[in-house]
Amino acid sequence: VSCASVAGKDIPRGFLAKSIKLGDKDVKYVVYVPPTYDPSKPNPTIIFLNGMGECGTDGFRQVFHLGGAIMLNAEKWPFIVIFPQKQEAQHQWEDEEPMAMAILNKTLSEYNIDNARLYLTGLSQGGHGTWAIAAMHPDLFAAIAPICGYGDKAMAEKVAKLPIWVFHGDVDTTVPPIGSEEMVNWIKEAGGSPKFTV
């Protein structure tokens, strides 16, 4: 974590450990604040949803994949990045949507976020969560990028008008590529034009 002084106020940068009170428990999460963060300007923001392997209550494991990419080349990531952590591996992200939205709302109150440049992505269970949460809030996100996810036709129809870039590995045996292929086809049937990278 580093700090920069803007208008006499030190603003922490980097991967910041946070928590929010939800019901009777404290839920841990991380917000990445880039070195380029300027509180006087609206900043683009990404919400990243973790997969099954990063579930838990430690508050940091969910940072591993996207956080690693950011650390390798921070200049390519001039975004605030919100990392909620899905606590229960057996749950789907739509079960934890209230937690994700509470964390987003708290982050909106703490940082100058550009509501027109709010993006949603995630991998595996988080790829599914990207489809599911975007379908629950189709007017909230500027674009979505589900990675090795899966969903259903109803979700596809609700997000069809969004800019979408879908990613899936062609030898994925955990979540077979058919999960993304079906979503892409349903979106096209609904009039959308997703980009699909295999």
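Author: Let's start with a term: a residue is buried when its relative accessible area is under 20%, exposed when over 50%, and partly exposed in between (1.4 Å probe, protein chains only). Helices (H or I, at least four residues) and strands (E, at least two) are DSSP runs, numbered from the N terminus. The model is predicted, so to speak of local features a pLDDT of at least 70 is needed, side-chain atom pairs count only at pLDDT 80 or more, and totals for chains, interfaces and linings use all residues. Residues are numbered from 1 along each chain as its sequence is written, and side-chain values use heavy atoms, leaving out hydrogens and water.

The chain has five helices and nine strands, and our piece is strand E4, residues 43-49. Seven of its seven residues are buried, while buried residues make up 47% of the 198 residues in the chain. In a regular strand, side chains alternate between the two faces of the sheet. In E4, Asn43, Thr45, Ile47 and Leu49 point one way, and Pro44, Ile46 and Phe48 point the other; all are buried.

Now for the neighbours. Strands count as paired if DSSP finds at least two bridges between them. E4 pairs with E6 (residues 113-123) in the parallel sense, over six bridges, and there Phe48 has Thr121 as its bridge partner. The chain gets from E4 to E5 through helix H1, in a right-handed β-α-β crossover (with the strands pointing away from the viewer, the path from the first strand over the helix to the second runs clockwise).

H1 spans residues 64-72, and its buried residues are Leu66, Gly67 and Ile70. Seen down the helix axis, these fall within an arc of 100°, so they line one face of H1; the arc is that of the directions from the helix axis to the C-beta atoms. The face turned away from this buried side carries the exposed residues Phe64, Met71 and Leu72.

Finally, back to Phe48, which forms one aromatic cluster with Phe15, Tyr32 and Phe83. Rings of Phe, Tyr and Trp (its six-membered ring) pair if their centres lie within 6.5 Å; planes under 30 degrees apart count as stacked, over 60 as edge-to-face and the rest as tilted. By this rule the count comes to seven aromatic pairs.
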